[in-house]
Amino acid sequence: MNQDTLTITPLYSGSSGNATLVSTADTRILVDAGMSCKKLVEALTQISVNPYDINAVLITHDHSDHISALDVFTRKFALPIYATNATWNGIHAAEKKPHSPSLDYEILPEKETTIGNIRVTAFETPHDAKGSCGYRFEVGKNKAALATDIGYMTPAIFEYLQDCDGILLEANYDKDMLWNGPYPYYLKQRIAGLFGHLCNDDCATTAVNLCKTKARKLILGHLSQENNLPQVAERTVLRALEQESMQKDKDFIVQVASRYCPSAPMILG
Ligand SMILES: [Zn+2]
Ligand SMILES: [Zn+2]
């Protein structure tokens, strides 16, 4: 591992809670703080990361599956937090006890920020949370991105992903499982809507386009518990890639992020 090696480790992924560690040899960034503080510490301990060694927490948006641990976690470890202005409003509204404002940093989409030796850029995502964004990370020549909670893949988001070596991409629901499933109609419409989540088919189309440009490693994440299964999401993406004559483990690697425990890291460079 050299100074430029970029590692993406999903700690928890899915509608039950999201957190991902993005790290290099000397920098650790936590993206989102879902689940609980206890569960986050547990996951970090499992991958031998001391929470006090985290340089910053980046938040994608203010839905509870991304911030439910933030309140306690940041008061306990006093870490700098980065979020867009609109997301900050949501975080403050959800806090039980306010944390020190000296820890708050505003992130502006499309403007690069440097945290440790990682260059970070936020990009806007179509989702039903104000100020919602995804993140792109660069160290030397290595680039990775996290793109979940996306109603649909926009050309602007694709621009941020297309030269990345590895991407954690949303595969939220299988269309048949959603429409034949138990959710009330209004919720089905919300999930499948332009400001909802990315389905397996759209994830697969994006995966093909990404692998045609640069990507070699993909993590499918933020799977719905009720409307998807890891094997269904993986099969949909693999089929689409293989239809384009791309071979698994030769031309690309696909893994599905685990819901309740840290996943194998995606290592770039
Ligand atoms: Zn959301
Ligand atoms: Zn979410």
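Visitor: Which elements do the buried residues of helix 1 pack against?
Guide: This is a predicted model. Helix 1 has a buried set made of Leu40, Ala43 and Leu44. These buried residues of helix 1 pack against strand 1 (6-12), strand 2 (19-23) and helix 3 (70-77).

Visitor: Within what arc do the buried residues of helix 1 fall, seen down its axis?
Guide: The buried residues are Leu40, Ala43 and Leu44. They line one face of helix 1, because seen down the axis they fall within an arc of 100°.

Visitor: Which exposed residues sit on the face of helix 1 turned away from its buried side?
Guide: The buried side of helix 1 carries Leu40, Ala43 and Leu44. Turned away from that side are the exposed residues Lys38, Thr45 and Gln46.

Visitor: Is Met35 buried or exposed?
Guide: Met35 sits in the loop between strand 3 (28-31) and helix 1 (37-46). Its phi is positive, about 60°, although Met35 is not a glycine. The C-beta count within 10 Å is 21, and 20 or more is the cut-off, so Met35 is buried.

Visitor: How many other C-beta atoms lie within 10 Å of Asp149?
Guide: Asp149 is in the loop between strand 10 (142-147) and helix 5 (155-161). Asp149 is not a glycine, yet its phi is positive, near 55°. Asp149 counts as buried, because the number of other C-beta atoms within 10 Å is 27.

Visitor: How many of the six residues of strand 10 are buried?
Guide: In a regular strand the side chains alternate between the two faces of the sheet. Asn142, Ala144 and Leu146 point one way from strand 10, and Lys143, Ala145 and Ala147 point the other way. Both sets are buried. The count of buried residues in strand 10 is therefore six of six.

Visitor: Which residue in the turn between strand 9 and strand 10 has a positive phi?
Guide: Strand 9 (residues 133-139) pairs with strand 10 in the antiparallel sense, over five bridges. Val139 has Asn142 as its bridge partner in strand 10. Two residues lie between the strands of this hairpin, and the one in the turn with a positive phi, about 55°, is Gly140.

Visitor: Do strand 10 and strand 11 run parallel or antiparallel?
Guide: Ala144 stands opposite Gly166 in strand 11. With helix 5, the two strands make a right-handed β-α-β unit. Four bridges join strand 10 to strand 11, and the sense is parallel.

Visitor: Which residues have the most contacts inside the largest nonpolar core?
Guide: In soluble globular proteins, nonpolar side chains tend to be buried together. Here the largest nonpolar core has 75 residues. Its largest share, five residues, comes from helix 8 (residues 200-213). The residues with the most contacts inside the core are Ile167, Ala207 and Leu220.

Visitor: Which residues does Ala207 touch, not counting those up to four places away in sequence?
Guide: Ala207 is one of the buried residues of helix 8. The buried residues of helix 8 pack against helix 5, strand 11 (166-170), strand 12 (217-221) and helix 9 (230-243). With residues up to four places away left out, Ala207 touches Leu169, Leu218, Val237, Ala240 and Leu241.

Visitor: How far apart are the end C-alpha atoms of helix 8?
Guide: Helix 8 has 14 residues. At 1.5 Å a residue, helix 8 should span 20 Å. The model agrees, because its end C-alpha atoms are apart by 20 Å.

Visitor: How far apart are Gly269 and Lys143 in space, C-alpha to C-alpha?
Guide: Gly269 lies in the segment after strand 14 (266-268). Gly269 counts as partly exposed, with 18 C-beta neighbours inside 10 Å. Its contacts include Gly140 and Asn142. Gly269 and Lys143 are 126 residues apart in sequence, but in space the C-alpha separation is 9.1 Å.

Visitor: Is Thr114 buried or exposed?
Guide: Thr114 belongs to strand 7 (residues 113-115). The count of other C-beta atoms within 10 Å is 10, and the cut-off is 12 or fewer, so Thr114 is exposed.

Methods. Residues are numbered from 1 along each chain as its sequence is written. Chains are lettered from A and ligands numbered from 1 in the order in which they are written. This is a predicted model: local features need pLDDT of at least 70, side-chain atom pairs count only at pLDDT 80 or more; totals for chains, interfaces and linings use all residues. A nonpolar core is a set of buried Ala, Val, Leu, Ile, Met, Phe, Trp, Tyr and Cys residues joined through C-beta atoms within 7 Å. Two residues are in contact if their C-beta atoms, placed from the backbone, lie within 7 Å. The arc is that of the directions from the helix axis to the C-beta atoms. The expected span of a helix is 1.5 Å times one less than its number of residues. Two strands pair if DSSP finds at least two bridges between them. A crossover is right-handed if, with the strands pointing away from the viewer, the path from the first strand over the helix to the second runs clockwise.
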